[in-house]
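Good morning. Please have a look at the slide, and I will go through it in order.

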Amino acid sequence: MPQTTASAEWTDRLAPSLDDFAALARAAFDALPEPFRSAAGEVVLRIDDFADEETLASVGVEDPFELTGLYHGVDIGRREGLGPAVEPSRVFLYRRHILDEWCERGDIGLSDLIAHVLIHEIGHHFGLSDDDIHAIEDDD
């Protein structure tokens, strides 16, 4: 039986790599409206398959598949004065859990999901809590 066009398109595809994720995250960051992009400009983006054991323990998570992203740093609202943070703020995106969520949901593009997680973590950089971020998302 000959392959259909749709199945032929998927036979040689590979899962997006860490570099692919980094490119999608960078594109999402670059698409942020200018006031937000400038304010978040110092944030370092990092893509890993999973959070390490120390990170998981620090946030009280046992299963690495429960964490799609994490903000690490001092949010801009808690910094003393107007100077820069002592160490750079970082946003971690965890590829494996994001891929699993993308597959399980089936109703969102991968780049949109990566952008969603990235924007959520950048919200923490601006000092927003999870509840604040969810309230903003619910208003959309």
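This is a predicted model: local features need pLDDT of at least 70, side-chain atom pairs count only at pLDDT 80 or more; totals for chains, interfaces and linings use all residues.

Now the chain as a whole. The protein chain has seven helices and three strands. If you read along the sequence, the order of these elements is α-α-α-β-α-β-β-α-α-α. The chain has 140 residues, and 31% of them count as buried. The accessible surface is about 9100 Å², and carbon and sulfur atoms make up 53% of that. On contacts, take those in the chain with a separation of 6 or more: 64% of them join residues 24 or more positions apart.

Next, the pair of helices. At what angle do the axes of helix 5 and helix 6 cross? Helix 5 covers residues 95-105 and helix 6 covers residues 110-125; their axes come within 10 Å and cross at roughly 125°. Helix 5 is therefore oblique to helix 6. For that word you need the cut-offs: 65 to 115 degrees would be roughly perpendicular, and over 145 would be roughly antiparallel. The crossing of helix 5 with helix 6 is right-handed.

Which residues make the contact? From helix 5 they are Ile98, Leu99, Glu101, Trp102 and Arg105, and from helix 6 they are Leu110, Leu113, Ile114 and Val117. Sorted by class, this contact has seven nonpolar residues, two charged ones and no polar ones.

Staying with helix 5, let us pick out Asp100, which sits in that helix. Is Asp100 buried, partly exposed or exposed? Its relative accessibility is 29%, so Asp100 counts as partly exposed. The range for that class lies between 20% and 50%. Along the chain, Asp100 and Thr68 are 32 residues apart, and their C-alpha atoms are separated by 9.7 Å.

Where is Ala15 found? It lies in the loop between helix 1, residues 5-10, and helix 2, residues 18-30. Ala15 counts as exposed because its relative accessible area is 55%, and the cut-off for exposed is over 50%. Leaving out residues up to four places away in sequence, Ala15 touches Asp20 and Arg95. There is also a distance to note for Ala15: its C-alpha atom is 10.0 Å from that of Arg96, although the two residues are 81 residues apart along the chain.

That is the end of my part. Thank you.

How values were computed. Residues are numbered from 1 along each chain as its sequence is written. Side-chain values use heavy atoms; hydrogens and water are left out. Axes are lines fitted to C-alpha atoms, for helices over the stretch in contact, and angles run from 0 to 180 degrees between N-to-C directions. Helices (H or I, at least four residues) and strands (E, at least two) are DSSP runs, numbered from the N terminus. Angles under 35 degrees count as roughly parallel, over 145 as roughly antiparallel, 65 to 115 as roughly perpendicular and the rest as oblique. A crossing is left-handed if the near helix is turned anticlockwise from the far one by less than a right angle, and right-handed if clockwise. Contact means heavy atoms within 4.5 Å. Ala, Val, Leu, Ile, Met, Phe, Trp, Tyr, Cys and Pro count as nonpolar, Asp, Glu, Lys and Arg as charged, and the others, Gly among them, as polar. Buried means under 20% relative accessible area, exposed over 50%, partly exposed in between (1.4 Å probe, protein chains only). Accessible areas come from the Shrake-Rupley method with a 1.4 Å probe; for residues, only the protein chains shown count as cover.
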